[in-house]
Amino acid sequence: MQAAMDDIHLELNHVDTENSDMSIGGDSRFSSYRHRTVSLQRNSLANEMIGLRTMGRYKYHTNTLRSIRSPEDADTIVNQIQENVAKADDEQQADQLRREALRDMPQSLTIKRQVKQTLMLNEKSRGDNHSTIGCYKWAVYSIIILYSKLKASIYNFLYTFELWYLILKTLEGQFGSAVATFFRFFRSLFFLNLFTLVPTFFFIVLPQILQSNFGDEVVVDQESFSPADIFTGEGSLTNSVLFYGHYTNETIKLAKYEYDMPYAYLFTMFVSYVIGFIVLSYSTAKSFRKNFIETKGGSKNVFAHKIFCSWDFGIATEDAATLKSSVIYHELRELLDQWNSPRTKASCASRFFTVCTNFAVNLLILFVLMGIAFGMWILLDKNRLNDDNEHIGMITAVVINVTILVFPLFFTIVGFCEDYKSPRNSFFVNLTRTILLEIVVIGILVAYWITSASKVECWETCLGQEIYRLVIFEFIFSIVFLPMTEIVRFLLNKNFPSTFDPPEFNINRYTLQILYNQTLFWIGLYFSPLLSAIVVLKLFVSWYLTTFTVLHCCKPSSKTWRAAQTETLFLIMAFLNLIMVMTCLGYVVASVETSGCGPFRSFEYVYNLVKEGILGLEQGQTILKTIIYVTKPGVVALIILMMCMGVYYLDAKSRAQDAMVKLLRNMLINEAKDKEFLLTRISLATQGRYNLQENPLEGSPMRQRRMREDLGDSGTEVLLPSHRVNI
Amino acid sequence: MGNKLVTFSEQQLENYQDCTFFTRKEILRVHKRFREVRSDLVPKNMIEDQPVTIRIPLESMEKLPELKENPFRSRICEVFSRDGKGNLSFEDFLDLLSVFSEQAPRDIKVFYAFRIYDFDGDQHIGSEDLDQAIRLLTYGELSPEDMQQITEKVIEEADVDGDGKLSYMEFEHVITRAPDFLSTFHIRI
């Protein structure tokens, strides 16, 4: 018996190394069917895994590799890699494949190093007789290699300058990866704004400053500077580099150099927005793919996820670990309770009632938003008409900021009346409502000033001033108000621990604040170029303040926060905000007549600058006609329709593959049942001569073939139902 | 300028860079942390085969700040050590951090996660493995009946071929669909 078992062991290993892609060894009856299943499975899964390169990633079967412990076995890996790589077209691709295979191989570092050395030796020995490739291909591949080397050295370089690394690490250790993700998001926004600051400062602000101080223009007499001006943005600051109205529309002449201000202004702004758009869309797409698409499908595995994925490996302090452990304990208990006493399906009447309440609450919120919009409009009107009262500008800004702070709390309270299926849904609804509030506030502001364009001398400067005031007061509120509440609660908790809870870090609120700030920045950049410097400074100070408050006063939250998906959500919202801002500015550039101030004074519409100034187009030319034709609404709608059709097609394809995965999974389950059936039949047929034990080798077809051969085919012909399935 | 003592030779650094997901500076930082655990055992520059031979014992390794509070720390060290007992050499340590780093792809992390959760090493995650995992996670607070129920639920959810334990394929299928796996299975050095 032992000899037979050893035999089977050897055969299995042999079969494994031969057919390393199949999970069960082949046999005549089973192998053809299984081969089809497995290759189909592999194909559809391979197609499904998004992000695979066209040459494919080679999944080394774990059974073979897991047993390798000694350096001699490294040769088997080398041979496997060589075999797979031999299919590659030429040297460079083979090289890249080899490197990829090496890095992705789940082996210990020592073995990988040895494999690499062996591969290099083999390469060197074969070196001289590789086929000559054409000049073009060689150029392409050397560019690719150069590019990857450049990328590696850039990463290396950036790594030395990693800003705030230590603070992030301490935060992660104390609060977990969710909070760390939020602060990393904060840091990346800071860098994005910094990179917007550089072109705007050097191409727009600096030339204007030089021109005002050294140029030939007549200096308009300035009002005297008073400290209140910092808060209102009016007075002496109105006609400064801070706002749109001050910028000249002429060519600046300094010494021998000429510098065309209007063109510089328009193009620098365009480039800044486009860079921001590209960076944000790329990170949003990457995050969406990683967190939503790759994890779609499959069955709900609540318990398994809880056990295997809930411990945060970044935790480094004892308090956080104890808290996390108790959180996991409570969640497991909750899940068990839910399972043992499931919620009975709500009756028709209560469902109807829930729908009614939801509808009523949404209606209420809609009315509240409309009321806010109306109130703001009236306030802005009063502000414009009461020009002599200096402080009314500040009052407007304060009122708006208070609205932004208070109404989300109101929405949360109202949201308690509603009953959503899961806390995640209610969180998402709350978030949407708060974002809508911010959009309404900022939208009304911009809409008001665009419609009042004719009533004021320089509406762009006025709008710039409003946004400047909002930014300044939001800074004051976020420095004074929010950290103060945390510090006060912390002190209260220290002195009266029984009555007051220590403050918890609320990611939601901080992220909304950052999003609001960022949207203000984007809409204000066009009307106030120096706003980028102010916002960068603000973010810098805000970072230190927030991290200090969080590290010393807050305790980690006891709610599990789905960091990855929430981060994607916030990125998507930031991206949508940017798109709306760019649409708005596009409208301003294309359809709003310029006022008598600012760099575009001499043109009727801002886009005329491009049309006449650069392209020199006049009426009747063919290029002009084609451009006008292309931007007609009909053509644009057609293009959008085609893009929607493309998206629908891809979505249908992915849904079809999902269905395929489900079908294959069911086939696997049927296979397992067939195996059980076979084993019981065999045990019956041999009248108990071969005892069935719980053994992983037991069910292998190899053993079954052996047993059948021994019996001399005395068993009955068994037709398994699953064999009739046609794929 | 004087004699600059180099921690690793150029060839060594390039080998490490090709075989792990780290850049040069990160590799040097890993070496610094490795040295901080036991500065008496680890020299400042690693020559010849010192990266493989010099080992830090399990007890000292568990005091590393990143691993100190991790309930699976001893199992992690065991999985990545070549002698199977948890004594890590520098290359093992580098390997460990490389797999747990942000740049490592999902497949490699899933592979090592399976090995970590397979406490008895029988290439399957059975009910004893799950019991052990739950006990470590909750610091032993759950009652045995609850633990058994949870174990049954997990196997029920994930087991496809009906053998009462999770094979690598089943584990992979479950974990790849978890949205939080990548963000939690991550140690930053």
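In H9(A), the residues Phe183(A), Phe186(A), Arg187(A), Leu189(A), Phe190(A), Asn193(A), Leu194(A), Leu197(A) and Thr200(A) make contact with H19(A), where the partners are Ser532(A), Ala533(A), Val535(A), Val536(A), Leu539(A), Phe540(A), Ser542(A), Trp543(A), Thr546(A), Thr547(A) and Val550(A). By class, the residues of this H9(A) and H19(A) contact are 13 nonpolar, 6 polar and 1 charged. Please keep in mind that this is a predicted model.

Now the geometry of that pair. H9 covers residues 177-214 of chain A and H19 covers residues 531-553 of chain A; their axes are 9 Å apart, and the packing angle is about 160 degrees. Angles over 145 degrees count as roughly antiparallel, so H9(A) is roughly antiparallel to H19(A). Their crossing is left-handed.

H19(A) has another partner to show you, H8, residues 165-175 of chain A; here the axes come within 11 Å and cross at roughly 30 degrees. H8(A) therefore runs roughly parallel to H19(A). The crossing of H8(A) and H19(A) is again a left-handed one. Which residues of H8(A) meet H19(A)? They are Ile167(A), Leu168(A), Thr170(A), Leu171(A), Gln174(A) and Phe175(A), and on the H19(A) side they meet Trp543(A), Tyr544(A), Thr547(A), Val550(A) and Leu551(A).

Next, the disulfide. Over all chains the structure holds 1, and it joins Cys458(A) to Cys597(A), with an S to S distance of 1.7 Å. These cysteines are 139 residues apart and link distant parts of the chain: Cys458(A) sits in the loop between H16 (423-451) and H17 (459-495) of chain A, and Cys597(A) in the loop between H20 (563-591) and H21 (608-614) of chain A. The torsion about the S-S bond is about 90 degrees, so the disulfide is right-handed.

Finally, chain B. It has 12 helices and 2 strands, in the order α-α-α-β-α-α-α-β-α-α-α-α-α-α from the N terminus. The C-alpha trace of chain B spans about 65 × 30 × 25 Å along its principal axes. An unreviewed UniProt entry annotates residues 75-103, 105-140 and 146-181 of chain B as "domain: EF-hand". Residues 105-140 of chain B are 64% helix and 0% strand, with the end C-alpha atoms 32 Å apart. Residues 146-181 of chain B are also 64% helix and 0% strand, and there the end C-alpha atoms are 24 Å apart.

Definitions and conventions
Residues are numbered from 1 along each chain as its sequence is written. Chains are lettered from A and ligands numbered from 1 in the order in which they are written. This is a predicted model: local features need pLDDT of at least 70, side-chain atom pairs count only at pLDDT 80 or more; totals for chains, interfaces and linings use all residues. Side-chain values use heavy atoms; hydrogens and water are left out. Axes are lines fitted to C-alpha atoms, for helices over the stretch in contact, and angles run from 0 to 180 degrees between N-to-C directions. Helices (H or I, at least four residues) and strands (E, at least two) are DSSP runs, numbered from the N terminus. Angles under 35 degrees count as roughly parallel, over 145 as roughly antiparallel, 65 to 115 as roughly perpendicular and the rest as oblique. A crossing is left-handed if the near helix is turned anticlockwise from the far one by less than a right angle, and right-handed if clockwise. Contact means heavy atoms within 4.5 Å. Ala, Val, Leu, Ile, Met, Phe, Trp, Tyr, Cys and Pro count as nonpolar, Asp, Glu, Lys and Arg as charged, and the others, Gly among them, as polar. UniProt positions are given in the numbering used here, feature names are shortened, and annotations may be inferred rather than shown by experiment. A disulfide is a pair of cysteine sulfur atoms within 2.5 Å.
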